[in-house]
Amino acid sequence: MASEEDDYMKRMVDALRSGAKMLSEQCPICKSPLFEINGQLWCLKCNKRVIKVHGDEEVGEALTTYTLSQTHEILAAKIEEITVQLSRAVDVEEIRKMAETLSILLKTLEQCVKLKEELTG
Ligand SMILES: [Zn+2]
């Protein structure tokens with residue numbers, strides 16, 4: 001039976017054979033070296049694609065489209081909730097706070113959509 005380590009070695013050998021590059025950068029989760037495969041960053045240990053935003057700033061974890069879809073759903077639900085609350089609000093300070101929150105949520109949603117496009121595109 002092949003151990004996890006054997007699987008990892010096999011993925012590395014296969015990747016290098018097919019022209020992947022081993023990078024000096026590390027996986028944010030397991031600290032293994034990352035590989036560049038067809039212009040995408042991969043951690044072969046986690047067997048996940050790693051997405052980077054804003055140059056060297058790493059997303060805290062190797063993101064999957066599944067995670068992002070969940071994030072997207074939650075953000076959309078929160079935006080809906082706050083929009084309903086906002087329609088009922090009368091206090092100016094309350095409205096200001098809600099508008100601020102909405103703005104942050106919408107920006108986050110936009111980033112989420114962008115990342116999803118990068119992953120799937
Ligand atoms: Zn990893």
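**A tour from the sheet outwards**

Begin by selecting strand S2 (residues 33–37) and strand S3 (residues 40–43), which run antiparallel and are joined by three bridges; strands here are DSSP runs of E with at least two residues, helices are runs of H or I with at least four, and both are numbered from the N terminus. Two strands count as paired if DSSP finds at least two bridges between them. Residues are numbered from 1 along each chain as its sequence is written. Please keep in mind that this is a predicted model, in which local features need pLDDT of at least 70 and side-chain atom pairs count only at pLDDT 80 or more, while totals for chains, interfaces and linings use all residues.

Within this pair of strands, select Glu36, and you will find Leu41 of S3 standing opposite.

Now widen the selection to the whole sheet, which is open and has four strands in the order S1-S2-S3-S4, with antiparallel pairing. S1 and strand S4 (48–50) are the edge strands, each of them pairing on one side only. From one strand to the next the twist averages 45°, where axes are lines fitted to C-alpha atoms and angles run from 0 to 180 degrees between N-to-C directions.

Next, select Met22, which has its place in strand S1 (residues 21–26). Met22 is partly exposed, with 13 other C-beta atoms within 10 Å; a residue is called buried at 20 or more such atoms, exposed at 12 or fewer and partly exposed in between, with C-beta atoms placed from the backbone. Leaving aside residues up to four places away in sequence, Met22 touches Pro33 and Phe35, a contact being C-beta atoms within 7 Å. Trp42 lies 20 residues from Met22 in sequence, and their C-alpha atoms are 9.7 Å apart in space.

For the next stop, select Cys27, Leu34, Phe35, Trp42, Cys43, Leu44 and Val50, the seven residues of the largest nonpolar core. S2 and S3 are the elements that give two or more residues to this core. Such a core is a set of buried Ala, Val, Leu, Ile, Met, Phe, Trp, Tyr and Cys residues joined through C-beta atoms within 7 Å.

Finally, turn to helix H1 (residues 4–17), none of whose 14 residues is buried, so H1 lies largely in the open. Just after H1, select Gly19, which takes a positive phi of about 95°.

If you colour by pLDDT, the predictor's confidence in each residue from 0 to 100, the chain has a mean of 85, and 88% of its residues reach 70 or more.

How values were computed
Two residues are in contact if their C-beta atoms, placed from the backbone, lie within 7 Å.
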